[in-house]
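Have the model open in your viewer and your selection tool ready.

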Amino acid sequence: QSENHVVFQFGNWRLGFPLVADARFPPVETILPKREASTTELTLAESDRTFLLDQLRQLPQQDRPQVTLDLNERVLVRVPGDDSHSPRGIVLRQSTFRGADLMIETNPGYLQTALELGITRFEFQGAQSPLLGRSRETTYLWMGLSGDPPPRPTELEEIVSPLSRGRSSSRRRPAHSVPA
């Protein structure tokens with residue numbers, strides 16, 4: 001650190017920043033939403049966390065589509081279809097949510113990262129607020145995709161998580177319908 005600059009070195013990278021002595025930064029504790037402000041909480045069973053992680057890893061890596069968390073009577077993660085597949089719904093049978101029903105879109109890469117970090121508890125303040133995942137060791141915050149989530153499809157291929165260490169099942173059925 002000099003009188004006017006601070007320099008950080010990371011491996012071969014060296015980054016220099018001017019010092020701003022009169023700048024004020026927000027207290028870190030005010031950046032993360034408080035748990036009591038959450039309107040919806042999702043708790044993934046460990047087996048569902050690993051199942052969903054496996055399903056997300058199977059998505060195409062290029063132009064990965066958004067995924068929709070659909071918490072309405074059950075825990076469902078919707079993945080848009082492509083030319084050869086209808087939309088899929090990953091049903092997480094052992095996971096639970098409490099609070100307000102919620103439908104929120106997110107980039108699958110951020111959700112995958114949260115799952116890879118071992119996060120099983122997610123807190124939401126609504127569809128337009130950040131997604132917050134917590135574990136004992138980690139807090140992970142990211143922003144969902146803006147705009148209204150896509151409408152629920154009329155037909156959905158469901159991939160259902162196993163209740164035990166057995167195999168998952170897949171079936172095509174009419175999508176779960178809920179009044180708007």
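Start by looking at what packs around the first helix. The buried residues of H1 are covered by elements that include strands E4 (67-71), E5 (75-79), E6 (88-91) and E12 (155-160), along with helix H2 (108-116). Keep in mind as you go that this is a predicted model.

**Stop 1: the helix itself.** Select residues 46-57 to bring up H1, a helix of 12 residues. From its first C-alpha to its last it reaches 17 Å, close to the 16 Å expected at 1.5 Å a residue. Which residues of H1 are buried? Color Asp48, Arg49, Phe51, Leu52, Leu53, Gln55 and Leu56 to see them.

**Stop 2: Arg98 and Glu41.** Now turn to the salt bridges, which come to nine in the count. Show the side chains of Arg98 and Glu41, which meet in one of them at 3.2 Å, N to O. Arg98 sits in strand E7 (residues 96-99) and Glu41 in strand E3 (residues 40-43), so this pair ties together parts that are 57 residues apart in sequence.

**Stop 3: Asp70 and Arg152.** Select these two next; they form a salt bridge whose closest N and O atoms are 2.8 Å apart. Asp70 belongs to strand E4, while Arg152 is in the loop between strand E11 (139-142) and E12, so the bridge ties together parts that are 82 residues apart in sequence. Asp70 is buried at a relative accessible area of 5%, and Arg152 counts as partly exposed at 27% relative accessibility.

**Stop 4: Arg74 and Glu158.** For the last stop, pick Arg74 and Glu158, whose side chains meet in a salt bridge at 2.8 Å, N to O. How many residues apart are these two? They are 84 residues apart, with Arg74 in the loop between E4 and E5 and Glu158 in strand E12, so the pair links distant parts of the chain. Arg74 counts as buried, with 18% relative accessibility against a cut-off of under 20%. Glu158 is buried as well, at a relative accessible area of 0%.

Technical notes:
Residues are numbered from 1 along each chain as its sequence is written. This is a predicted model: local features need pLDDT of at least 70, side-chain atom pairs count only at pLDDT 80 or more; totals for chains, interfaces and linings use all residues. Side-chain values use heavy atoms; hydrogens and water are left out. Helices (H or I, at least four residues) and strands (E, at least two) are DSSP runs, numbered from the N terminus. The expected span of a helix is 1.5 Å times one less than its number of residues. Buried means under 20% relative accessible area, exposed over 50%, partly exposed in between (1.4 Å probe, protein chains only). Contact means heavy atoms within 4.5 Å. A salt bridge is a side-chain nitrogen of Lys or Arg within 4 Å of a carboxyl oxygen of Asp or Glu.
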